[in-house]
Amino acid sequence: MKILNKVILVITLILTTNTFAQDYKFGKVSKEELLEKSYPLDSAANAVVLYENKKVHFAYINNQFQLVTDVFKRIKLYNKNGFDEASEQIYLYQGSNDREKVSGLKAMTYSLAGDEIIETKLKKDGIFESEYSEYYNEVKFTMPALQEGSVIEYKYKITSPYIRNIDKIYLQQDIPIKKIDIEVETPEYYNFKKYTRGYLPISLKESTKNNKLKGRRVEGSVYVIDYISNMYSINSSDIPAFKEEPYCGNLENYLSSIVFELQFTRFPNSGTKSYSSTWEDVAKSIYDNPRFGDELKKKNYFKEDIDQLITGINDPLKKTTLIFDFVKKKMTWNDKYRVVTSDGVKKAYKDAVGNSAEINLMLVAMLKYAKVNANPVLVSSNKRTISLFPTLEGFDYVIARVKSGNTTMYLDATDKYGEPNVLPDRVIHGSGRVLAENGTSQLVNFRPGKASRVQRSIMCQIDSGGVIKGKQSTSRSSYLAHSFRVRHGEKDKETQIKRIKERYELDDLNAYELKGVNELGKSVAERFEFTLENEAEVVDNEIFFSPLLFLRDKENIFKSEERKYPIDFGYGYANTMMVSIKIPEGYEVVEIPEGSAFKLPENMGKFVYRTNVIMGNTIQVSVTETLNAPFIPAEYYLTIKEFYNQIIQKESDQVVLKKV
Amino acid sequence: MQKTIQLILVAVFLCASIKISAQDNINLQSIIIDSTLTKDANAVVRSEEVLIEINSINSVRVKTKRIVTVLNKFGKGYADSFEWYSPSTKIKKLQATIYDGFGKEVKKYKKKDFSDRSVYDGISLMNDDRMKYFEYTPVDYPYTLVFESEVEKSSSAFIQSWKPVIGYRLSVEESSYKILNPTKIPLRSKETNFGGYAIGVNKLDSEISYSIKGVKAELPEVNSPSFYEIFPKAMLALENFALEGVEGSATDWKSFGKWRYDNLLVGRDQLPEETIQKINKLVSNVNTKEEKVKLIYEYVQNKTRYISIQLGIGGWVPFPASDVDRLGYGDCKALTNYTKALLSTQGIQSYYTVVYGDRNKEDIDFDFASMQGNHIILNVPNEEEDIWLECTNQTLPFNFIGDFTDNRNVLVLKPEGGEIKRTKKYGPEENILHTTATVNLTADKAMNATIRRKSKGLVYNWKYGIQFKTPKDQQLHYKEHWGYINNLEINSIKHGDDKDAIKFTEDLEVSCSSYTKKAGSRLLVAPNLFSCDQSNLPKYENRQTPLVISRGYINTDEYVINIPKEYAIGNLPEKKSIETEFGSYTYELEKINESQIKFKRFLKIIDGTFPKEKYEEYRKFRSEIKKIDKSKIVLKQQ
């Protein structure tokens, strides 16, 4: 967890902004901008945002505040691959009696023809509006008359009655941003909490400003009220493009952005209404939410079933196991990530289908009913940005925690293959917070401290023609068993065989057996017999092969030269391989790879390779590859990459057999 | 008069629909399905009844009742039922009911319970199709879905085909299809892949019906024919029809093409005078037709980009050339029509051509005229060989359609009518990858090499996109391409794209700190560094489908390998050659001098369709190549 915090902690630096004499008003595109052939700071960029300006403010319209967002963008398209940036989509929320609207859309394409700037205006025929879904309308447009080197500009305004929801503001994109100005202005009546994300420094400036609002009373008289607005601004430049990297976990955690979440409102002549500000407030607001707190209190719908289930059982751990298995078996998750219920626990129970809140709140309620010390745990799943500040916004999922004596168990009953403390990927790649009703809270890192084990072994013999025949067996436990169950648990035998044949490039595979898929808590075991014709090479009187045969790692998952974000494996692993190879009569072992061992710093992992020849005719190799740290900071990237390089290299070392 | 007829019609249809629902006694208890149908199946179509009523060319009603039993979670997709609608297609009835394995009703979705959203086709910026669908979370398997819908269409140009089998791992207990054509509008039909299936066919002037029973689930196989070439399919078309309000009639491709040309194409080619002047100037210095077409094609490539917008009849009619000229974008129809218009300013005749665009080839049926195809290209007749232009791509060379529309039947729309032509085939001799390299090996196991790869034909198509990636992604591309070389470093990348010759050149410098292996005094070297066959063809106990090699090619390699001076070249293995009907292969090592080896490899794969028995031979051929490709030689320390 320490590492995680260190990585996510945002360092605030003050950027020195280079100001060029550039005009960022709509229509003031310069010849220099049109002439530029590539982006000096990133020659690979196909397009770049020359300037983005986003202003969010509250306007007092028809006696109420509305949230107004003004967007202005100027984008340079260096070549055709950048033309994708010339289409924009705006999603507008549509509630039951009000909706968000877009207005003032104005857009222009600028291109050079010789020395002259040609302007082509976006007309109606390039703007499309549609009903995207029940809750969203969509406005799309695409810019006319693009040429390589064109600059486009567009601006529009979104007016929203949903003043509590200021959309997340992105400060980084998949193309570079040359300059960006963000301004958010909130009236004193609304207090927002800000939190930022990403590895880029963000400097947020705060100030205040005097404002006036005008309204009209019911009887017709006009009123004017002075108020203070809080101003937040971010002015940043030369922001590099955001690039995805493998094993990142949730990318949103690394993409620079800022979120404003409503903390409380305080209007003149009325009290403070809190939304969230301390963890106690967050706890209060979630427990006060009828779709969370009240749902936890309902018992009648399951009472009978649970009474019957735990009759005569006193041990809380036994009760926990029974109830957990009961919910897992009965309920099916509808793939929806939620912190609160949608149709309610009762209906979910009846239908046997529910979202993450319905299933796990039901589980907590049943456990509490059975007098087990259980609490809900709010989770930022792998899809949600982790929240370090007290806010509800950071959570999108719920699981359960049970405490009994020294035992702490995390349970997620949405996962049919779930076990206590073996959680699905969507949870382990996120983080959680236990919230008790009294407001006490505690941050939780789900990544297990212990590495999950996989053991592979081969017993085989090689003949003088280089053909190898033998048996292989694999046993996976804990998270590795879970991952196997989730990915392959429901596939038929033929599909399993096909998978192994493809993975190990085997033509001949027999006597395949798979055990333990449905016996949670136990390991998953696979075994099969094989014949390998292409593994060993016979050259003159000698036979060459890598003694790990098809088990050896062949390709490094990390190929980039550098990395900016941490590596998130979710859980550590310990991979053991034992191979025993009987050599043909009349041959001797003339070369065998030497033993070897190496380690990663800070006990993050190690590799041990041992060889042995028994009775002159049997080669034995044992390999242990351990990666203890599930989460590795980016500064260790090259070390990790080299670790795998060394492993692959060592595992390809050859045995040489020679005819006597 | 009119009214009575309608009344009679209504009565007739009532009977028909009663009859249909009278077959309702299918057993919804899915735990008792015949095991021949559950073998290899993820889902079973218990029964499907499609009834199409052609009331007039402006009114077609489609009634569907489909009962699907889902056996496991992988079969869920076969029960995901939905209907599309648009301004010309209205949903009249929609209902889905779920039953558990014992046949007990679990859940019912009425029309209002369905969700509604716009159809995102993955390409279009905008289209006006919408869909109604429902989301069901299965609680247990097996379960059975009974789906019923009724849709009213004002377009009759498309008559839904009969495709009783829509996927692999899906069996069909029974499926039937009936078209009622009371007004006897001439109705044409064509059946394909009916052989080997027991299919009931009944054809009258006023009615056509098909039915099938007991189709076992099939598993997909690699290198097999396309799905549509394997499973039964009946295509139907009316001789008089309407498309989004545009009426037409056709009996064959000639008349169909004529209709489409006259109604959906002609008169959309006006261009501003300024543009015509520009084109006149552009081609003023060249003489041949081909040169002119090339300049105009490149002009279009420079000026436009692909944006798909499909609204109403706009799904079938290109928007005017003058719009493309002004906006600089359009879909395949618009961009092809624009190019056609530009060519005609120079008196060059070209034809708008309907095609199925996909890497998996699909033909426009050569003798069954109906609305087919999903893409438009341009055909320019030329003395020796026709020119084919893909107008939606800004980077492809002139007259190079690549594997998206190559070697297939297409419908060419001429003013006098439609005509089926075949697009260019890229034969094995044209699809060339030639790799040369100079490789230096050192005694400390390291390797560095200078590589040059030249690609032509479809290989050009498969490779030229690398140049548009960022330097970082280019590096990753090569590292992944040669993933079998651990810790490969890509030190320098240079690309040459000769669009006139359609030749792509890659100049690379690579290195690796531990390419060779030491075993005592031996140094093990795999001389084939850069062309190891990566295919991994499965072995089938009982192959069902013919072997299809869709495209042939030739790969040649020639490396000079400098070996470390501390080591000596021993006996080099003999030249290895394999000759098969699928192609040929040679692997050859030659000692140039005491410190240099020459490596030569030749692989030719011939395209074609071979009987299913041949698959195993082909697999062995590739497997043998793979083994030889990665073989090592032994250098001895001296």
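**Legends: helix pair and chain contact**

**View 1. Helices α6(A) and α8(A) run roughly antiparallel to each other, because their axes cross at roughly 150 degrees and angles over 145 degrees count as roughly antiparallel.** This is a predicted model, in which local features need pLDDT of at least 70 and side-chain atom pairs count only at pLDDT 80 or more, while totals for chains, interfaces and linings use all residues. Residues are numbered from 1 along each chain as its sequence is written, and chains are lettered from A and ligands numbered from 1 in the order in which they are written. The axes (lines fitted to C-alpha atoms over the stretch in contact, with angles from 0 to 180 degrees between N-to-C directions) of α6 (residues 316-330) and α8 (residues 356-369) of chain A come within 10 Å.

**View 2. Side chains at the crossing of α6(A) and α8(A).** From α6(A), A:Thr320, A:Ile323, A:Phe324 and A:Val327 meet A:Ile359, A:Met362, A:Leu363, A:Met366 and A:Leu367 of α8(A), where contact requires C-beta atoms, placed from the backbone, within 7 Å. By class, this contact has eight nonpolar, one polar and no charged residues (Ala, Val, Leu, Ile, Met, Phe, Trp, Tyr, Cys and Pro are nonpolar, Asp, Glu, Lys and Arg charged, and the others, Gly among them, polar).

**View 3. The side of chain A that touches chain B.** Here 46 residues of chain A are in contact with 44 residues of chain B. Elements giving two or more residues to this side of chain A include β7 (136-142), α11 (493-504) and α12 (637-651), with helices (H or I, at least four residues) and strands (E, at least two) taken as DSSP runs numbered from the N terminus. The residues on this side of chain A divide into 14 nonpolar, 15 polar and 17 charged.

Conventions
Angles under 35 degrees count as roughly parallel, over 145 as roughly antiparallel, 65 to 115 as roughly perpendicular and the rest as oblique. Two residues are in contact if their C-beta atoms, placed from the backbone, lie within 7 Å.
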